[in-house]
Amino acid sequence: MNVPFLDLKAQYEVIHEEIDRAVQKVIESCAFAGGPFVESFENDFARFCECEYCIGVGSGTEALWLALLALGVGPGDEVVTVPNTFIATAEAISFCGAIPVFVDIEESSYNMDPEKFRTFLEVECSRESSSGIVRNRTSGRRVKAVIPVHLYGRTADMDPILEAARGYGLPVVEDASQAHGAKYKGRLAGSLGDVGCFSFYPGKNLGAYGEAGAVVTHDKTLADRVQILRDHGQTKKYDHSVVGWNSRMDGIQGAVLQVKLQYLAGWNENRRRAASRYTRDLSNLEAVVLPDGNRDTEHVYHVYAVRVKNRRGLMEFLDTKGIGCAIHYPVPIHLQAAYRSLGFEKGDFPAAERCAAREVSLPMFPELTPEQTATVTDAVQSFYAK
Ligand SMILES: *Cc1c(COP(=O)(O)O)cnc(C)c1O
């Protein structure tokens, strides 16, 4: 039996009547760019995230970028994040004219290490008492925000991160692009910091049928700024208060996402069930480090990530068995050619580098059957029995 890494078709087959009807309605009403279908989804998604405001935008990358702009991040500033994330997190910082600064992760959670973040602030930064400006002592630049990423659908350890950031007056932007519906101590991803950013790229836990993203927040001022920025800086038609951009969510995506949002909690539950089958059936293997169970977080398994010995051998073996797998992400951002000018070297973020060298993602999607997960775990077992 072949097991694909991701199967979007399986999901569409279940909901196609509702989806087709929703898309048809958008086309008939010609509400293609922004408009009522987007607004209606924004209301539902704000409620889902237990946030006051939701602003639909063009992509997750633009959600991060516009959120940072709304926080006043600009040329020459620094924004703190982690090196083991999709490159969009860093690109959003760069496209504000700012510079990404990295804090290493905890290997057990793959997420920002709160202790290392606290140390970064205490050792590397100073807070000017009169102005409240936070400055990196080495570079002399202002540090403007921090972006913890809830990688693979597991929330970062937010309480100590929030506490450290608040001690320095730094706003916290959550990159929740992989964590729709994930919880931390009962609170929803996206609602934990000052602003939450989501991607609805098709393969995400809540995926559009094209590109889309959203910003959620409790803060009206921030929400207003993002709303203006995503629509050419317009406060009223042809009244442009700031230089903005076109990052409106399109109507078809709004309608599709509104239909799919109703299923998200159930889909996340199915992902957790598949994950617990993997965990049950692989826990005897010394060569495979499984996702760390943690009572503070309700994982939504965007990715089921393990760290393994002989990764290349395992991936080649799974490929011969028709089982899809992937690496998230093979090269950490600080070692990417695009960021060579930042001057980082191998060894600068050892935990992220170790994860990048050993991580492999097993097939994961809500429709994954027990037969499929058994095919995967049997194959992994037989590879390491050799
Ligand atoms: C997918 C993703 C993004 C970017 O989202 P797009 O919608 O593809 O622009 C940003 N950050 C993380 C962690 C992601 O996984």
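1. Which element gives the largest share of the lining of the second largest pocket? That share comes from α2, with three residues. The model discussed here is a predicted one.

2. The second largest pocket holds about 230 Å³ of space. Two or more lining residues come from each of α2 (36–48) and α7 (220–229). The lining includes E39, E42, R230, D231 and R248. By class, three of its residues are nonpolar, four polar and five charged.

3. The largest pocket has about 480 Å³ of space. Among its 25 lining residues, F86, Y201, K204, H302 and Y329 are the closest to the centre. The lining divides into ten nonpolar, eleven polar and four charged residues. Here the largest share, three residues, is from α3.

4. The ligand takes up the space of the largest pocket. There are 15 residues around the ligand, of which G60, T61, D175, S199 and K204 come nearest. This shell has five nonpolar, eight polar and two charged residues. Both α3 (60–70) and α4 (88–94) supply at least two residues to the shell, and α3 gives the most, with three.

5. A ligand oxygen is 2.6 Å from an N or O atom in the side chain of S199. For the side chain of Q178, the distance from an N or O atom to a ligand oxygen is 2.8 Å. At G60, a polar backbone atom is 2.8 Å from an oxygen of the ligand. On its own the ligand has 380 Å² of accessible area, and the protein covers 93% of that area.

Definitions and conventions. Residues numbered from 1 in each chain as written. Predicted model: local features only at pLDDT ≥ 70, side-chain atom pairs only at ≥ 80, totals over all residues. Heavy atoms only, no water. Near = heavy atom within 4 Å. Polar contact = N/O pair within 3.5 Å; in protein donor to acceptor, adjacent residues only side chain to side chain. Areas by Shrake-Rupley, 256 points an atom, 1.4 Å probe, with all protein chains shown as cover. 1 Å grid on protein atoms, 1.4 Å probe; cavity = no way out; pocket = protein on both sides within 12 Å on 5 of 7 lines; lining within 4 Å. Sits in = over half its atoms within 2 Å of the grid points. Helix = DSSP H or I, 4+ residues; strand = E, 2+ residues; numbered from the N terminus. Nonpolar A, V, L, I, M, F, W, Y, C, P; charged D, E, K, R; others polar. Points joined across faces, edges and corners; volume = space filled by probe spheres on them.
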